[in-house]
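Subject: Structure for you to look at

Hello,

Please find the structure below. My notes on its pockets follow.

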Amino acid sequence: MPYLNAVGTAVPDHDIHQPFIGWARAQLGPREQPVFDRMAARAGIAHRWSVLPRLADGGSPVDAGGFYATAPYPGTAARMALYAQAAPDLAEAAIRALEEQVVLDGVTHLVTASCTGFVAPGIDQIIARRLGLAPDVERLLVGFMGCYAAVAALRSAYHIVRSQPDARVLVVCVELSTLHLQAATTLEPLLAMLQFGDGAAAGLVTAEAGGFAIEAPFAAALPDSGELIRWDITDQGFAMHLSGAVPARIAAALADDTLITRVTGREAIDAWAVHAGGRSILDAVESALALPRSALAASRAVLEAKGNMSSATLMFVLADLLKRPAARGVALAFGPGLAAEGFRFRSAA
């Protein structure tokens, strides 16, 4: 039985949420500004963190002299240069937080998920080198799968441990979404960008009983929804397209026994680790499954304190849930496709 023994997390120390709100509001006309204000206030987000540095006077990346001070914004090459520097640093901080909980000696496999940057040698190789892992450590890089990439990474670790019981699999998710701010003057893309922040998480998966047992991975691609969530690689970074129709599409899928509910089952679930993709997505899950308000408390707390950190977000929710017992849990995340992926889990004890 594979177990997620522990999870360590890390975010940068630069809170960019309020500066972004001010910047985004200024891009809109007077008729759209009140709508943006209402949506921003209802987003359920208080803080989002960025690897982009503060200015000497404490200003943010959207202030004069900042990374996004003037249009056209920096090109993809400049953004990837920052990714190559900052992503390994943030990933290492999460790994060090994991080391405070478990011993990482003898890692046999490294599974890394990241969809907000590319670098070669890969971020997996950079992490392995920094940690001093053995040259024969087997590596897997899960790239560009978006918000459900944590499930893909943990599922890969699950299969590795089932086939090689003495494996010790280090799973790392690191995302730098704030490297991809786009010039926009309309409401929908600005509200989409309002969600995202930077973060990293690291977990250890082994056959040693402890933490959460990982059981019954599942996946479901939702038909006729491929354009609802999309990353487009442009000359000015990765442009996120997040349709306002996503929450309703997710709710419809969850209400359909032939899709998600057939794999989560109807028995009582006492722990829900749902990707905190946004308040409306959490509301849709809660409504479709008729969950009590408290069921998604961990997801809402992560969203409020850190925003949507793409693949790392679900790991943050699992880190919170590991603090208390779970008899029957379900982890669930949504991403490009539109697809839903997840797994069951339960406490080892």
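In this predicted model, the strand β10 (237-242) gives the largest share of the lining of the second largest pocket, namely three residues. The second largest pocket holds about 320 Å³ of space. Its lining is made up of 23 residues, and those closest to the centre are Phe-20, Ser-177, Thr-178, Leu-181 and Met-193. Besides β10, the elements that supply two or more residues to this lining are α1 (17-26) and α6. By residue class, the lining of the second largest pocket has 16 nonpolar residues, six polar ones and one charged one.

Now to the largest pocket. The volume of the largest pocket is about 380 Å³. There are 18 residues in its lining, and Met-39, Leu-191, Gln-195, Gly-244 and Ser-280 lie nearest the centre. Two or more lining residues come from each of α6 (187-193), α7 (246-254) and α9 (279-288). Nine of the lining residues of the largest pocket are nonpolar, six are polar and three are charged. Domain 1 (3-206) and domain 2 (212-347) each provide at least three residues to the lining of the largest pocket.

Regards

Notes:
Residues numbered from 1 in each chain as written. Predicted model: local features only at pLDDT ≥ 70, side-chain atom pairs only at ≥ 80, totals over all residues. Heavy atoms only, no water. 1 Å grid on protein atoms, 1.4 Å probe; cavity = no way out; pocket = protein on both sides within 12 Å on 5 of 7 lines; lining within 4 Å. Points joined across faces, edges and corners; volume = space filled by probe spheres on them. Helix = DSSP H or I, 4+ residues; strand = E, 2+ residues; numbered from the N terminus. Nonpolar A, V, L, I, M, F, W, Y, C, P; charged D, E, K, R; others polar. Domains from an automatic or database assignment.
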